There are 2 protein chains.
Amino acid sequence: MSKIAFWYDFASTYSYLSAMRIEALAASHKVHVSYHPFLLGPIFKAQGLDTSPFVVNPAKGHYMVRDIERISASRGLPFHMPEPFPAHSLNAARIGMVAVTEGWIAPFTKAIFAAEFADRADIAAQDVLDRVVADLGHDPARVTAAASTPESKMALREATATAGQIGIFGAPTFIAPDGELFWGDDRLEQALAWAKNSAQKPVA
Amino acid sequence: MSKIAFWYDFASTYSYLSAMRIEALAASHKVHVSYHPFLLGPIFKAQGLDTSPFVVNPAKGHYMVRDIERISASRGLPFHMPEPFPAHSLNAARIGMVAVTEGWIAPFTKAIFAAEFADRADIAAQDVLDRVVADLGHDPARVTAAASTPESKMALREATATAGQIGIFGAPTFIAPDGELFWGDDRLEQALAWAKNSAQKPVA
């Protein structure tokens, strides 16, 4: 079976679009998805930006909201812009490191994005995170403790550093096993087709 | 018949992708295309950038080339990055103002983009511009003179100012008659569908 790596920040609007459809779409392509939460903040900082490009450039930010409204509507997805934007995604990403290790990152990712962009919840708030974790059948106190260990913090720093090293400059990004990089929800189909074709090539 | 406004800079790689397909695609949607050359330079300057975002952000620039290579290949289009990038598109854009007035902007646009991205020509060079204009059946000396008038220069400045005023922050941009804005070659189908649907709505 072929695979695709899905890199995202929990505050990213276009990552929301992908998170809500990647599982079903990848399954229909017979492609396995690995989940890679990271932080866009340090990536943007290395580009000389203090915040999201959608905040730095208001015309682009205004367009982004409208673009996502149109796409969400066409897919029957709710969409509300978080206030403030971008949301503070550090706490969710640290729990994401625990969820990767323990094997529940796929449903956690979907639940966090739905809380943020469909249910207007603040994903920086402890009670919101606790509810999401509890709804997935895990003990919020245990998970919060695990997410606060030096190991979890280091895992997130390393994921973000790796993202920068492999050429990631935004989210969502999809990476095929041969290293081919695709940026943006609108490249997801192309990324899945690439991953499938590259897996079918005979190894020389 | 519905219509769509196509806004582009002759130096823009993604505008090349759209320029080579918009005529046929719009015709199949029964949508009329109006051509709006403008300059991205002043738009980027207003965003605080001295040059293309693809130069400011090398990781993004590297990805853009690969993205266009993949898309071009899938469409059977040649694609070479101009050296230097972005090309100096001022002269071509001024001729574009003449071509808009005289009704040959559609073939001129396609010919300039093909010269630049398929034939590796320097679209800032007078001999290249002369050849493109002559191949379209016009007198290069006359056209060069018309493109150098204060009226042509003013028309280009006004087009660029209008682009900024209506929320354009990059190219290509497509604008439907109701003002709906779509950015990027990957939104062209959506823009055409929008233009067609909005034209079919009864006027209240």
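Trainee: Which residues of H6(A) are buried?
Mentor: They are A:Ala92, A:Ala93, A:Ile95, A:Gly96, A:Met97, A:Val98 and A:Ala99. Buried means under 20% relative accessible area, exposed over 50%, and partly exposed in between, with a 1.4 Å probe and protein chains only. Keep in mind that this is a predicted model: local features need pLDDT of at least 70, side-chain atom pairs count only at pLDDT 80 or more, and totals for chains, interfaces and linings use all residues. Residues are numbered from 1 along each chain as its sequence is written, chains are lettered from A and ligands numbered from 1 in the order in which they are written, and side-chain values use heavy atoms, leaving out hydrogens and water.

Trainee: What do the buried residues of H6(A) pack against?
Mentor: Five elements of chain A: strand S2 (31-37), helix H7 (105-117), helix H8 (126-135), helix H9 (140-147) and helix H10 (150-165). Contact means heavy atoms within 4.5 Å. Helices (H or I, at least four residues) and strands (E, at least two) are DSSP runs, numbered from the N terminus.

Trainee: How far apart are the end C-alpha atoms of H6(A)?
Mentor: They are 19 Å apart. The 13 residues of H6(A), 90-102, should span 18 Å at 1.5 Å a residue, so the two values agree. The expected span is 1.5 Å times one less than the number of residues.

Trainee: What comes just after H6(A)?
Mentor: A:Gly103, with a positive phi of about 85°.

Trainee: Which residues other than glycine have a positive phi?
Mentor: Among them is A:Lys30, with phi near 55°. A:Lys30 sits in the loop between helix H2 (22-28) and S2 of chain A. A:Lys30 is exposed, at 57% relative accessible area. Another one is A:Arg120, with phi near 60°. A:Arg120 is in the loop between H7 and H8 of chain A, and is exposed too, at 62% relative accessibility. Most residues other than glycine have a negative phi, and most peptide bonds are trans.

Trainee: OK, where are the cis peptide bonds?
Mentor: One joins A:Phe85 and A:Pro86, with omega about -5°. A:Pro86 is in the loop between helix H5 (58-75) and H6 of chain A. A cis bond also joins A:Ala171 and A:Pro172, with omega about 0°. A:Pro172 lies in the loop between H10 and strand S3 (173-175) of chain A.

Trainee: Switching to chain B. What order do the strands of the open sheet take?
Mentor: S2-S1-S3-S4, 4 strands with mixed pairing. Two strands pair if DSSP finds at least two bridges between them. The edge strands are S2 (31-37) and S4 (181-183), each pairing on one side only.

Trainee: How do S3 and S4 of chain B run?
Mentor: Antiparallel, with 3 bridges joining S3 (173-175) to S4(B). B:Phe174 stands opposite B:Phe182 in S4(B).

Trainee: And what about the contact between the chains? How many residues does each give?
Mentor: Chain A gives 20 residues and chain B gives 20. The area buried between them is about 1,900 Å², with 49% from carbon and sulfur atoms. Buried area is the accessible area (1.4 Å probe) that two parts lose on being put together, summed over both.

Trainee: Which residues of chain A lose the most area to chain B?
Mentor: A:Tyr63, A:Arg70 and A:Arg187, together 31% of what that side buries.

Trainee: How many salt bridges cross the interface?
Mentor: The rule finds 8 between chain A and chain B. A salt bridge is a side-chain nitrogen of Lys or Arg within 4 Å of a carboxyl oxygen of Asp or Glu. B:Asp67 forms one with A:Arg187, the closest N and O atoms being 2.8 Å apart.
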